[in-house]
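Keep the viewer open as you read.

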Amino acid sequence: MTTSNGDPLTPPRIRLKALKWSPHLPPVEIEDATPAQREAMKVTPSAKKVSPYVRTLAHDPESYVARTTLFNAIMYAEGGLPRADRELGALGASLVNGCEYCANVHARQHHKLSGSSSLIAALWTAQPETLPERDQAILALAESLTQTPPTATPAHIDRLKASGMEPFEVVDLIHSIAIFGWANRLMHPLGHSDT
């Protein structure tokens, strides 16, 4: 894989150990939140906790709710592309965008959903060619769509179909890659990850 500048990724810094994300500006404190911010924070990614990221985005509650509703519809919809493949697409986009925190989150989610750490081992050792063909095809599409300008071609789609992916699953994959092309660019300048 390469960065959006075409430089090789050496080595991808993903691991199973969780990273901490810290915002550059103070997040909204729940006890000080406006009614609109409190209402917005009821909508969270995957209906989980109100994280510092959620509280940071809640400074603009209307935009936050629109973003999170779309995010949840793409990443957590019932049916369609398996969740592990959506996480792999998000991981590929995050690697190209250099968002270490997001890459870590999606690598851990992929591990949890697939029950395998072979993906992390392959990327850590810069040996993506050892992955199954379907995983390689997903990463290739993620890389090509995340490049600036994108370099995806019909050959990327043909490769996914040849590896057994149905057309509706390809659409789900494109959505998950695209939402992270955007999410990385939103999260990265708003804070930093700590080990």
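The protein carries 18 positive and 20 negative side chains, and the centres of the two sets lie 6 Å apart. For that tally, Lys and Arg are positive and Asp and Glu negative, while His and the chain ends are left out; each charge is placed at NZ of Lys, CZ of Arg, CG of Asp or CD of Glu. Bear in mind that this is a predicted model, where local features need pLDDT of at least 70, side-chain atom pairs count only at pLDDT 80 or more, and totals for chains, interfaces and linings use all residues. Numbering runs from 1 along each chain as its sequence is written, and side-chain values use heavy atoms, with hydrogens and water left out.

Now for the pairs. Side chains of opposite charge can pair when their charged atoms come close. The structure holds six salt bridges (a side-chain nitrogen of Lys or Arg within 4 Å of a carboxyl oxygen of Asp or Glu). One of them joins Glu-29 to Arg-55, with the closest N and O atoms 3.7 Å apart. Glu-29 sits in the loop between strand 1 (20–23) and helix 1 (35–40) and Arg-55 in helix 2 (residues 52–57), so this pair ties together parts that are 26 residues apart in sequence. Helices (H or I, at least four residues) and strands (E, at least two) are DSSP runs, numbered from the N terminus. Arg-55 is buried, at 16% relative accessible area, whereas Glu-29 is partly exposed at 36%. Buried means under 20% relative accessible area, exposed over 50%, and partly exposed in between (1.4 Å probe, protein chains only).

Another bridge runs between Glu-133 and Arg-159, where the closest N and O atoms are 2.7 Å apart. This pair links distant parts of the chain, with Glu-133 in helix 7 and Arg-159 in helix 8, 26 residues apart. Glu-133 is partly exposed at 38%, and Arg-159 is partly exposed at 30%. Lys-42 and Glu-39 also meet in a salt bridge (3.1 Å, N to O); Lys-42 is exposed, with 63% relative accessibility.

Setting aside neighbours within four places in sequence, Asp-135 touches Asp-85 and Leu-88, where contact means heavy atoms within 4.5 Å.

Zoom out for the overall fold. There are nine helices and two strands, in the order β-α-α-α-α-α-α-α-α-α-β along the sequence. The radius of gyration is 17 Å, close to the 16 Å that the globule rule gives for 195 residues, so the protein is as compact as a globular protein of that length. That radius is taken over C-alpha atoms, and the rule is 2.2 Å times the number of residues to the power 0.38. Buried residues make up 44% of the 195.

Finally, the backbone. Most residues other than glycine have a negative phi, and most peptide bonds are trans. Ala-126 has a positive phi of about 55 degrees although it is not a glycine, and lies in the loop between helix 6 (118–124) and helix 7. The peptide bond from Thr-148 to Pro-149 is cis, with omega near -5 degrees; Pro-149 is in the loop between helix 7 and helix 8 (154–162).
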